[in-house]
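Biologist: I have a model open on my screen and would like to learn how to read it. Could you walk me through its features, one by one?

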Amino acid sequence: MTETTRPLRITCVAFDMACGGAQRVMQHLTNILLESGHTVTLMLVRGYEEEFFAVDPRVRRTPALDRKPHRPHPFDLTGRLRRFKRLLGILKDTDPEVVISFEDIVNVDVLVALAGSGVPVIACEHSDIRHHRIHFRWDLIRRLMYPHAAAVVVVNDDMAQWCAGFWPRWPLFTIPTPLHVPEEGSMAPRPSWFASK
């Protein structure tokens, strides 16, 4: 860490840590943040799923938002308000200076729960929203809430260019998905039928 930066209290929010690309990136991100000297807390929305990607034991953990496979209907107002209140309570208990959330509906939930709190939220989209569709009501709320994020991170410039046409405008940043390149000789040779690309 450079002399101009200081350690931050960062809360990361993910849907779960099952086997998936966003979950792999979340595991990598928490490791990088820890190595940079930050205090990292991980909150899962769905806490009843088996975790495929294990995070460093130094990462603090919170109770999961959903501890059993039942959630209110997305537009059951009373159920959603209770859920937002619980989400806000869990997030406030982590005393975050910044929150990083992953995946569309999780991002919307976090932004709504923290609205007016002054806590900056970085909303990360790891699916291409041009093709990965969510219910039109969620999409409408996303378009209204993303302008209030400190940053909206997408994985490629084409996606950023497409999102740049939205109004109100999103604070867009492109950060490609990280890849771990294996050391030379650490993998079995490719079979002859495998494409050369």
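Modeller: Buried means under 20% relative accessible area, exposed over 50%, and partly exposed in between (1.4 Å probe, protein chains only). This is a predicted model, so local features need pLDDT of at least 70 and side-chain atom pairs count only at pLDDT 80 or more, while totals for chains, interfaces and linings use all residues. Residues are numbered from 1 along each chain as its sequence is written, and side-chain values use heavy atoms, with hydrogens and water left out.

Biologist: What is Leu 91 in contact with, leaving aside its neighbours within four places in sequence?

Modeller: Contact means heavy atoms within 4.5 Å. With those neighbours set aside, Leu 91 touches Thr 11, Val 13, Met 43, Pro 96, Val 110 and Leu 114.

Biologist: Now the sheet, please. What is the order of its strands?

Modeller: The general idea is that strands of a sheet pair through backbone hydrogen bonds, either parallel or antiparallel. Two strands pair here if DSSP finds at least two bridges between them. This open sheet has 7 strands in the order E3-E2-E1-E4-E5-E6-E7, with parallel pairing. Strand E3 (60-61) and strand E7 (172-174) are at the edges with a single partner strand each, so one side of each has no neighbour in the sheet.

Biologist: How many bridges join E4 to E5?

Modeller: Strand E4 (residues 98-102) is joined to strand E5 (residues 121-124) by 4 bridges, and Ile 100 is opposite Ile 122 in E5. Continuing along the sheet, E5 and E6 pair over 3 bridges, with Val 152 of E6 as the bridge partner of Ala 123. E6 and E7 are joined by 3 bridges too, and there Val 152 is opposite Leu 172.

Biologist: Are the faces of strand E6 covered or exposed?

Modeller: In a regular strand the side chains alternate between the two faces of the sheet. Both faces of E6 (residues 151-154) are covered: Ala 151 and Val 153 are buried on one side, Val 152 and Val 154 on the other.

Biologist: What do the helices between these strands do to the path of the chain?

Modeller: A crossover is right-handed if, with the strands pointing away from the viewer, the path from the first strand over the helix to the second runs clockwise. E5, helix H4 (residues 136-145) and E6 make one such right-handed β-α-β unit. E6, helix H5 (residues 157-163) and E7 make a right-handed β-α-β unit as well.

Biologist: How many residues of H3 are buried?

Modeller: 8 of its 10 residues are, so to speak, under cover; among them are Val 106, Val 108, Val 110 and Leu 111. The buried residues of H3 pack against E1, helix H2 (77-93), E4, E5 and H4.

Biologist: Last topic: how many salt bridges are there?

Modeller: Side chains of opposite charge can pair when their charged atoms come close. The rule here is a side-chain nitrogen of Lys or Arg within 4 Å of a carboxyl oxygen of Asp or Glu, and the count comes to 14. In one of them, the closest N and O atoms of Arg 83 and Asp 66 are 2.7 Å apart. Arg 83 lies in helix H2 and Asp 66 in the loop between E3 and H2, so this pair ties together parts 17 residues apart in sequence.

Biologist: Which other residue forms a salt bridge with Arg 83?

Modeller: Asp 109 does, with the closest N and O atoms 3.2 Å apart. That pair links helix H3 to helix H2, 26 residues apart. Arg 83 counts as buried at 7% relative accessibility, and Asp 109 does at 5%.

Key:
Helix = DSSP H or I, 4+ residues; strand = E, 2+ residues; numbered from the N terminus.
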